[in-house]
Amino acid sequence: MQSELQITIDDMPHSAALDARIREKVSKLEKICPRLTSCRVVVAAPHHHQQHRRQFTVRLNILFPGGEVVVTRNNHEDVYVILRDAFVAARRELEKAMHRHDGELTLRHEHRTIGPFAAPEPVNE
C-alpha cells in the first residue's frame, strides 16, 4: 500500500487479535489492487441496552487511483463475522471497480468507441 493503514476501534477495548485480522484482510485486498492509496477501517460497538446484546458496526473506506470503495456493515453480535462480511463486500466492489477501470484504460489505449455513443462521421458538403 502506498500509504498507511488506519484502524479505529470505537466504544470497545483494543484487541491485538482484531488488529491482526484487519491487517490480514487488507493484505488480501492489496493482492487484488496493489496500488491502494489508503485504507481506513472503523470498528464500532455503539452503546447497547441491557435487554439487547452488543451490536457491532464496520466501515471501510478504500481509495485507489481512479476510484473509491466504501462499505458499511451494521448490527451483528460477532465482530469477526461482520468484519468478514465487510471485507467480502469490499473485495467484490474493488474487483468491479478495477474491472471497470481496466476496461476504460483499454478503450482509451486502443482508441475505440463502442455502442451508440460513437461520434458521428463528418458530412461532406
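Student: How many helices and strands are there in the protein chain?

Tutor: In this predicted model, the protein chain has two helices and four strands. Read from the N terminus, the elements follow the pattern β-α-β-β-β-α.

Student: In what order do the strands lie in the sheet?

Tutor: Two strands count as paired if DSSP finds at least two bridges between them. Here the four strands make an open sheet in the order β1-β2-β3-β4, and the pairing is mixed. At the edges are β1 (5-10) and β4, each of which pairs on one side only. On average, neighbouring strands of this sheet are turned by 5° against each other, direction ignored.

Student: Which strands does helix α1 touch?

Tutor: Contact means heavy atoms within 4.5 Å. Helix α1 (residues 16-32) packs on the sheet and touches β1, β2 (38-44) and β3. The direction of α1 makes about 145° with that of β1.

Student: How many bridges join β3 to β4?

Tutor: Strand β3 (residues 56-64) runs antiparallel to β4 (residues 67-76), and eight bridges join them. Phenylalanine 56 is opposite histidine 76 in β4, and arginine 59 is opposite threonine 72 in β4. The two strands form a hairpin with two residues between them. In the turn, glycine 66 has a positive phi of about 90°.

Student: What part of the protein chain is buried?

Tutor: A residue is buried when its relative accessible area is under 20%. Of the 125 residues in the protein chain, 30% are buried. The accessible surface of the chain is about 8800 Å², with 50% belonging to carbon and sulfur atoms.

Conventions: Residues numbered from 1 in each chain as written. Predicted model: local features only at pLDDT ≥ 70, side-chain atom pairs only at ≥ 80, totals over all residues. Heavy atoms only, no water. Axes fitted to C-alpha atoms, helices over the stretch in contact; angles between N-to-C directions. Buried < 20%, exposed > 50% of the residue type's maximum accessible area, 1.4 Å probe, protein only. Areas by Shrake-Rupley, 256 points an atom, 1.4 Å probe, with all protein chains shown as cover.
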